Amino acid sequence: MPENTIPKEAAYQIINDELMLDGNPRLNLASFVTTWMEPECDKLMMAAINKNYVDMDEYPVTTELQNRCVNMIAHLFNAPLGESEAAVGVGTVGSSEAIMLAGLAFKRRWQNKRKAEGKPYDKPNIVTGANVQVCWEKFARYFEVELKEVNLREGYYVMDPEKAVELVDENTICVAAILGSTLNGEFEDVKLLNDLLIKKNSETGWDVPIHVDAASGGFIAPFLYPELEWDFRLPLVKSINVSGHKYGLVYAGIGWVIWRSKEDLPEELIFHINYLGTEQPTFTLNFSKGSSQVIAQYYQLIRLGFEGYKNVMENCQENAMVLKEGLERTGRFTIVSKDNGIPLVAFSLKDHSRHDEFELSHHLRRFGWIVPAYTMPADAQHITVLRVVIREDFSRGLAERLVLDIEKVLRELDALPPNGKSMKRSADVANCHAALANGHVAKKLETDKKTNAIC
């Protein structure tokens, strides 16, 4: 901290000059998070920036707006509510907090049942795919729940429902399905998971439920795929989280978790606090929280309505197809993402003999584009992909411009000497595929640790 004060103009200029070195949020194609809102909503957010949401007695209208958001989202997810029945849910800082809360509800509900039956309740587990976001790993580690992951495989980059149900046992507090994998945008088959789990529960006498992590897809599926059954229409789906700051079209800092009914949220997890003038029921990990994002979510829901959200999502999907078709025309890429899912395009180079996806990602930054490159989780680590997330502010013109810049980078890379790492990786992948084809995987993995990492 400096010893002396400086003029406010100087402080502003110092910080503003440094921030100029940050990337352009609009060109950050790695992020699912909203980077643009209407000026009217910006004004509402700035007007509420000094409101602490937790002070419900002082700001009762903000609390009411949050409750309206919960009800609208619950109806969007087909919660079985009566005509005048209020939905059960809460606004959170993001889907990470929402998942922690949902996970705690499942754990406590399972523990209560095990205690009533006189059975051990010290080894809870949760079943997910290896494609889950890191917040699920955080939940498992922080709250002492074993995480049982279904590994992926080449060509199938989401959780296999059949393998997931095979991992379920009497200690499973829930199976977590992802509606919109961050790896390739694909929706997991929640309907099949529900049907398989109903059968297993009936055979074993267990009561294993489902949580749907709809962080990215919760504001996509109702508008683009209304007939898709993934939500509370399925009886085993007991809770759903969604990120308002992704396709809910709000700036970073807002998520939602909705429960099917009051019975699915154990009452002992809800605190009733007599603080700041009134008794407040609260079930959050954070206490103090800004009001701006809650107000912004309400603005978007009433401003756009069902029609507006549908138009935005259709436009995003169309622009994703423009980008996909442009990449396919180059003849240089394999498209890893699906047409039905989150509006994103995940793609891999067909030829790794000279250069790889990480080089392409690095060189695209010279044009301002932030396009992430990453390897898939187990057992598909040998697959590397680039991913472009199509948000509301990513236009058709930008999609066409990105394809042109990718082609330009490819020409530049083709003129450079081959990258040694790329050549070695290409050889390792070829060896891995040969080993798989010849049935000598075990021997190959024992003798070549580097190939083991690729395979």
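Keep in mind that the model is predicted. Strand β6 covers residues 237–243, and seven of its seven residues are buried. Over the whole structure, a search turns up 19 salt bridges.

**Strand β6 and its neighbours**
- On one pairing, β6 goes with strand β5 (residues 210–213) in the parallel sense, over four bridges.
- In that pairing, His211 has Ser239 of β6 as its bridge partner.
- Strand β7 (residues 255–259) runs antiparallel to β6, and five bridges join the two.
- Ile240 sits opposite Ile258 of β7.

**A nonpolar surface patch**
- Ile6, Ile14, Ile15 and Leu19 make up a nonpolar patch on the surface, with about 390 Å² of accessible area together.
- One of them, Ile14, belongs to helix α1 (residues 8–19).
- Ile14 counts as partly exposed because its relative accessible area is 46%, and the band for that label runs between 20% and 50%.

**Salt bridges**
- Lys8 and Glu9 pair through their side chains at 3.5 Å, N to O, and both residues are exposed.
- Glu117 and Lys119 form another salt bridge, with the closest N and O atoms 3.6 Å apart.
- Both ends of that pair are partly exposed: Glu117 has a relative accessible area of 40%, and Lys119 has 37%.
- Arg233 meets Asp231 in a salt bridge at 2.8 Å, N to O.
- Here Arg233 is partly exposed at 32% relative accessibility, whereas Asp231 is buried at 1%.

Conventions
Residues are numbered from 1 along each chain as its sequence is written. This is a predicted model: local features need pLDDT of at least 70, side-chain atom pairs count only at pLDDT 80 or more; totals for chains, interfaces and linings use all residues. Side-chain values use heavy atoms; hydrogens and water are left out. Buried means under 20% relative accessible area, exposed over 50%, partly exposed in between (1.4 Å probe, protein chains only). Two strands pair if DSSP finds at least two bridges between them. Patches are made of residues with over 30% relative accessible area and no salt bridge: like charges are joined within 9 Å, nonpolar side chains (Val, Leu, Ile, Met, Phe, Trp, Tyr) within 5 Å. Accessible areas come from the Shrake-Rupley method with a 1.4 Å probe; for residues, only the protein chains shown count as cover. A salt bridge is a side-chain nitrogen of Lys or Arg within 4 Å of a carboxyl oxygen of Asp or Glu.
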